[in-house]
Amino acid sequence: MSVSKFREELKNVIKEPSSTTITSIKKIVQENNYFSLSDADRRSILDQVLRCYVLDIVLSKPSNLYDVCNMWTSFTIDLVRNEMCTAIMPVVILSDMFDVTTMDVCEKMFDHVESNVNVLKESQFFMACKNNLLRMCNGLNIVSEFNLENVTEYLDENHFDQTEDMQEDSIPEDEAKSDIIIEKVNVDKNLYLKFWSLQDYFRNPNQCYKAEHWKLFISHTDFIFSTFQSHKLEHVNRMDNESVEQNMHYFPKYLTNQKLLELQLSDVNFRRYILLQFLLLFQYLDAPVKFKLDTFKIKPEQQEWIKNSITTIYELINNTPPDGVRFSEVVKNILQREEQWNKWKNDGCPEVTKRPPTSDQTDMPAPKRRLRRNLGDVIKNMTANNKVFLGDPELTKLWNLKPDNLEACKGPERDFLPSFDSFFQEAFEQLDPELCIENQYKKVNDGNFGWRALRLLARKSPHFFAQSNNPIHKLSEYLENMIKKTMSKEKVSINQGSDKHVSPNKEFKKESVIESEEVDIAEGIQDENENENNIEVEDKNKISKQIIDQVAAKIGEKWNVLAEKLGYQPDEIEFVKTIKTTPLDQATYLLEVWVEDAENPKPENLIYILEEIQLTEAANILKS
């Protein structure tokens, strides 16, 4: 007997599944035992015969499909227990039925699955069927792989034909008879292409983790949200709920004809489908998925955009009749359950136990008291982790945010001192004689301002502690003197385009631009003006601004090597990096400060250093 004849005999026997059928199958196997087939091969042949036969029955659409499902599932379970087919066959038969059956019938068939849960939990079935059952019950597979073959086809830009307004004779009969006027959206090429291109992101959400795709995605999404917000479905409010429910249909695939999009955008269900797709996508992007790559993470600004978009979506759902608010609550509940489902998968799919229902709560046993941990063990454990236990959970948490109190006080968020330019700017501008501000209105004559200014100078200005034998006669004169001395140097960084405050302790010894000898503060404004005049005298050998720009362009990224040769400290080099972003700006700033600070800023000295660090092109500019 050939294998094909063996298969035909099996097909004839299983037409009426029962216990006698199993006996008949065993008899056929014994009669054909001279085949050089292993037990696994015989099981595979019977598996294939069963699948094909049951699939033909289901496709014939019998009226009692639920009974058919019950009969064949029970029959395959008996075959597995008699070791005549593989252990996975009951679930495979169910999966085939679900694939070719409508959703309303599938809901009934799930009742049969739940009734056989205890059977499928048996070790004989569970080890072979658990992954298939999980895939069958979940919308996504267990490893979070997306169906990339589910491509939504639509016209591209080259084949798009701008549609003309629909003629009256092309209006459907139901719509023509309706007295309700439906406001339609004007669909152009831009709207059509942006709308349907979003389906590719729903098909493969991992594209959103790439910068170029994300930028295009948010552009299209904002455009679609704007379209939905500008086109409200007010005509639905004028329809009764019964007529709305009659118009609700389910379609497994979108129709992408350009002439239909105008009507689809006015359809309640269609709009809800699209908005739900956005919510599912946003939930996946920010959800901790076990099988997601480590690189698939979104940035804080992306999270903020997603948060605002979710708020917009729920507002659109609430404003979409009928029962928009109720529908919104149902959606939130479903997404919350999806988060729990995802957490369960991330935890390795642990067994879910249900608490048995009780009719009388008084019969419930008293809850067991939780054993208190020994205080000594708690303190020992906290000490081992370099933490302090204070007895109260909130105090313990607050204290251990920063175990080192001194480091916590040194944090940048604890620095409340204002910057020089922000605090003294107004007072410095008032010293300009052209403004003609009376002395009584100047900030230097304000006692409160003077007290705060002295505290700031004591913290940040080295001139505050300059030695002098002459007392300060008037606070306002002293402040004018100090403001001129400090802010005149701050203007250097402002003119160079610096958008941050330059700390006097970290700005390449800016205060040393003033002559090195100590200035007697009490000598008055006259001595200060003389010092400023001396600073403004330009040496004939001083390098011009034009030459500095040309040399800086040749130095480029090697400016930090030059800075080390010029004697600047690492913290001073890091400070330049914080106030200037590009290597060209950093090199220019370095040269300008060196020309101001150096005791002998002659071109010859700079040429020697540039040649030493192999920057000959920059040195040649200074030689010319």
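User: Where do Lys11 and Glu8 sit relative to each other in helix α1?
Analyst: Lys11 and Glu8 are three residues apart in helix α1 (residues 3-13), so about one helical turn separates them. Please keep in mind that this is a predicted model, and that the values I quote are computed from it.

User: What do Lys11 and Glu8 form, and how far apart are the closest N and O atoms?
Analyst: The two side chains form a salt bridge, in which the closest N and O atoms are 4.0 Å apart. In general, side chains of opposite charge can pair when their charged atoms come close.

User: Buried, partly exposed or exposed: what does Lys11 count as, and what about Glu8?
Analyst: Lys11 counts as partly exposed, because its relative accessibility is 33%, and Glu8 is partly exposed as well, with a relative accessible area of 41%.

User: How many salt bridges does the structure hold?
Analyst: There are eleven salt bridges in the structure. One of them joins Lys577 to Glu574, with 3.6 Å between the closest N and O atoms, and both of these residues belong to helix α27 (residues 570-579), where they lie three residues apart, or about one turn of the helix. Lys577 is partly exposed at 37% relative accessibility, and Glu574 is partly exposed with a relative accessible area of 44%.

User: Switching topic to α2: how many residues does it have, and how far does it reach?
Analyst: Helix α2 (residues 19-31) has 13 residues, and from its first C-alpha to its last it reaches 19 Å, close to the 18 Å expected at 1.5 Å a residue.

User: Which residues of α2 are buried, and why do they line one face?
Analyst: Thr21, Ile22, Ile25 and Ile28 are buried in α2. Looking down the axis of α2, these buried residues fall within an arc of 120°, and therefore they line one face of the helix. The face turned away from the buried side carries Ser19, Thr20, Thr23, Lys27 and Gln30, which are exposed.

User: What covers that buried side?
Analyst: The cover over the buried residues of α2 includes α1, α3 (39-59) and α4 (65-81).

User: Zooming out, how many helices and strands are there in the chain?
Analyst: The chain has 30 helices and zero strands. It runs to 624 residues, of which 37% count as buried, and its accessible surface comes to about 40,200 Å², with 50% of that belonging to carbon and sulfur atoms. Among the contacts between residues at least 6 apart in sequence, 72% join residues at least 24 apart.

User: How many residues are in the largest nonpolar core?
Analyst: The largest nonpolar core has 41 residues, and those with the most contacts inside it are Phe195, Phe217, Leu265, Phe278 and Leu285. At least two residues of this core come from each of α10 (189-197), α11 (199-203), α12 (211-230), α15 (268-286), α16 (300-318) and α17 (324-346). The helix that gives the most to this core is α15, with nine residues.

User: What does Leu265 touch?
Analyst: Not counting residues up to four places away in sequence, Leu265 touches Val185, Val187, Leu191, Phe195, Phe228, His231, Leu233, Phe270 and Arg271. There is also a second, separate core of 38 residues, which includes Ile45, Val49, Ile77 and Leu94.

User: And Gln264, buried or exposed?
Analyst: Gln264 counts as buried, because its relative accessibility is 12%. This residue is found in helix α14 (residues 261-264), and, leaving aside neighbours within four places in sequence, Gln264 is in contact with Trp196, Leu255 and Phe270.

User: Last one: where is Phe110 found, and how far is it from Leu94 in space?
Analyst: Phe110 is found in helix α6 (residues 103-115) and is partly exposed, with a relative accessible area of 29%. Phe110 and Leu94 are 9.4 Å apart in space, C-alpha to C-alpha, and 16 residues apart in sequence.

Definitions and conventions. Residues numbered from 1 in each chain as written. Predicted model: local features only at pLDDT ≥ 70, side-chain atom pairs only at ≥ 80, totals over all residues. Heavy atoms only, no water. Helix = DSSP H or I, 4+ residues; strand = E, 2+ residues; numbered from the N terminus. Buried < 20%, exposed > 50% of the residue type's maximum accessible area, 1.4 Å probe, protein only. Expected span 1.5 Å × (residues − 1). Arc of directions from axis to C-beta. Contact = heavy atoms within 4.5 Å. Areas by Shrake-Rupley, 256 points an atom, 1.4 Å probe, with all protein chains shown as cover. Core = buried A, V, L, I, M, F, W, Y, C linked by side-chain atoms within 4.5 Å.
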